[in-house]
Amino acid sequence: EEVTERAAETIRTTCPYCGVGCGVLARPDGAGGLEIRGDRAHPANAGRLCSKGSALGETVGLEDRLLAPQIGGQEASWDAALDLVASKFRAAMTEHGPDAVAFYVSGQLLTEDYYVANKLMKGFIGSGNIDTNSRLCMASSVAGHRRAFGTDTVPGLYEDFDQAEVIVLVGSNLAWCHPVLYQRIAAARSANPALRVVVVDPRRTATCDLADLHLAIAPGADAALFNGLLAEIAAQGAVNRDYVSAHVSGFDAALEAARASDIALTGLPAADLAAFTRLWIGAEKVVTVYSQGVNQSSSGTDKVNAILNCHLATGRIGRPGMGPFSVTGQPNAMGGREVGGLATMLACHLDIENPDHRAAVQGFWASPAIAPGPGLKAVDMFRAVEAGQIKALWIICTNPAVSMPEADRVRAAIAGCDFVVVSDLTAQTDTARLADVVLPATGWGEKDGTVTNSERRISRQRAALPAPGQARADWQIMCDVAARMGWGDQFSYKSPAEIFREYAALSGLAGLLGRDFDISDFATISEEDYDTLAPFVWPQSGAKRGGRFFAEGHFYTPDRKARMLATPPRMPQSVLSAATPFRLNTGRVRDHWHTMTRTAKSPRLGAHMGEPYLEIHPADAARLGLGPATLAEVSNAQGRAILRVLESPRIAPGSVFAPMHWTGETAAAGRIDALVPAIVDPVSGQPESKGAAVQIAPFRAG
Ligand code: SF4
């Protein structure tokens, strides 16, 4: 489909929701809105869009938009707001040191925004205290990749789904959360009826409609399942001995731990387990896809490594149609990982713990400082806010008062912080209402930059609409503050292309230091070429171009071998008791996104699930005296929510599910993360968002 972008006013851009990263054609409708179509030329979606993507045009209205800065709830000039932010951050640093300030950012940010935030905090303020809501999403995959491969490298490509013989989806409701990938698998099965799909999920989600085998695993038992698989791989002589001896370390210890692992933890019948191992071992081309059901766990990193172990033991990695595949939740979670937007990373996959890497980045930035090591991960960051150790906090494009575990406690911590800045589209989020200063940022449809999807494909987001009111791009706002803090020369970017060029040049340095991320061919890209940049998969430089990683069996560890790890299963840490006998699972619904800042504007999207709900097995509902569509009160020591009862045999007795999207000032509005305890994976720092123990009772007003 030929699109003359400017002439026809059709802008080729990228969806701002999930990590599939679909290409979108957006054309202004003349009334402030956008007409939306899928971009057939984009490799991620070939023209397909899901309900959220196709409703984007309904979400760009300005009804609740913040159009000017606010100080203390009153409209203020940009100069006054920026002066105040810069002076407060400077004062906190001077009086208490660089670790007394923090940024909490978002996988919604564009890569250029993320790059500037990371540079400002780690290179100029001199602290590692920048973390992101991606910590709640895929930090365990990052940590698992780094342990196994030496870098946070996603090996495969979406086209592997088209070529696979078996696709295993673990803790991943693709039909709702990555719908275009689900459609791609459905199309692959139409083309190849021999393709087999396995879904591993405690719930019988919509994704199971495509499943040949659904393993309704006990919540949290994924490592036990894949340990059992590894033991069977060995028992059935399916280990790829040549591959393991040439390219893998740690095999014996991993296998020993796998053999000691108790498969009964999965709660699965022997026949299902046998069917699973038969399918997985019997086909060479296996793709194992995983997302939040694996990541959002107190043992998430071990679960990731348990999956990677099976692929490494069989050498099923780095070749077409096979490999482990972590899909990211957010549109630019991957870009954030690439620029080092987490407290535990440096830019371009360099290691913050490595003094040589720190020195190289500081030299490249010509910066006065460099973070001496990792900063505070999300949960610890808000604990430090609560303790008064963080004196100035900048929250960018995210809503932690709703989305963090122990959300009531986080809300109180933010409210009690000396100085809080929020940059967002609106001043009406639960978090923005707590801020001293609110800064108007441009949003999707108005801003320019790049994002990276789950298969490492970098695509442009382009502006189709003018910035409303006084709104500015996030990178611009941060540069404006940096200049007022005395670093104007190093933050004098005039365009996102200029930031992208610097970032690409830094990636070349990372490439020289033996890292995987390298896009240095773009270090001199012109404004025009950046404007028309077509989607591409990294690496994209020198001999390393596109394609899969690890085809040649070389990894980024000191001995170039991948590491298998012992992953003894650890179950969810919240203990079920007589007082809290139900296991609470949380997640997304099909037609809403995060805390609904955007999707709530679309009546079409609101029609799918109009209010927060509690999915509960009919037998449990009957036992508790909960009728269909009545209200249930869900509670534990952390918080309380009032939710509409949705009886469903798709969920196992003893477990319940509630969506994460709903906000509000009171518990009754269904802020489910208020009930999630801030228990984290010890390696990744990712919270266990799917394992809370809760009590359920009929709601009685008053
Ligand atoms: Fe957007 Fe994801 Fe839907 Fe694609 S699948 S249109 S990226 S929400």
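Which stretches of the chain does the domain assignment give to domain 1, domain 2, domain 3 and domain 4? Domain 1 covers 11–59, domain 2 takes in 70–132 + 338–504, domain 3 is made of 139–327 + 559–563, and domain 4 spans 582–698. These bounds come from an automatic or database domain assignment. Everything here rests on a predicted model, in which local features need pLDDT of at least 70, side-chain atom pairs count only at pLDDT 80 or more, and totals for chains, interfaces and linings use all residues. Residues are numbered from 1 along each chain as its sequence is written.

Let's start with domain 1 and domain 2. Their centres, taken over C-alpha atoms, are separated by 27 Å. Where they meet, 14 residues of domain 1 are in contact with 13 residues of domain 2 (contact means that the C-beta atoms of two residues, placed from the backbone, lie within 7 Å). On the side of domain 1 that touches domain 2, strand S1 (11–14) and strand S2 (23–28) each supply at least two residues. S1 gives the largest share of that side, with 4 residues. Sorted by class, this side of domain 1 has 8 nonpolar, 5 polar and 1 charged residues. For the classes, Ala, Val, Leu, Ile, Met, Phe, Trp, Tyr, Cys and Pro count as nonpolar, Asp, Glu, Lys and Arg as charged, and the others, Gly among them, as polar. Helices (H or I, at least four residues) and strands (E, at least two) are DSSP runs, numbered from the N terminus.

Next comes the ligand. Around it sit 14 residues, of which Cys15, Tyr17, Cys22, Cys50 and Gly53 come nearest (a residue is near a molecule or strand if its C-beta atom, placed from the backbone, lies within 6 Å of it). Domain 1 and domain 3 each give at least three residues to this shell. Helix H1 (51–54) and helix H7 (179–191) each supply at least two of the shell residues. By class, the shell divides into 9 nonpolar, 4 polar and 1 charged.

Now for strand S9 (residues 196–200), which is mostly covered, with 5 of its 5 residues buried. Buried means that 20 or more other C-beta atoms lie within 10 Å of a residue's own; with 12 or fewer it is exposed, and in between it is partly exposed, with C-beta atoms placed from the backbone. Arg196, Val198 and Val200 point one way from S9, while Val197 and Val199 point the other way. S9 pairs in the parallel sense with strand S8 (residues 166–170) over 5 bridges, and also with strand S10 (residues 213–215) over 3 bridges. Two strands pair if DSSP finds at least two bridges between them. Val198 stands opposite Val168 in S8 and opposite Leu213 in S10.

The loop between S10 and helix H8 (222–235) holds Ala218. Ala218 counts as buried because it has 20 C-beta neighbours inside 10 Å. Leaving aside neighbours within four places in sequence, Ala218 is in contact with Pro202, Leu265, Thr266 and Gly267. From Ala218 to Thr630 is 412 residues in sequence and 27 Å in space, C-alpha to C-alpha.

Finally, there is a barrel. It is closed, has 6 strands with mixed pairing, and runs S23-S27-S24-S26-S25-S28. Strand S25 (residues 631–635) and strand S26 (residues 640–647) run antiparallel and are joined by 5 bridges. Ala632 stands opposite Leu643 in S26.
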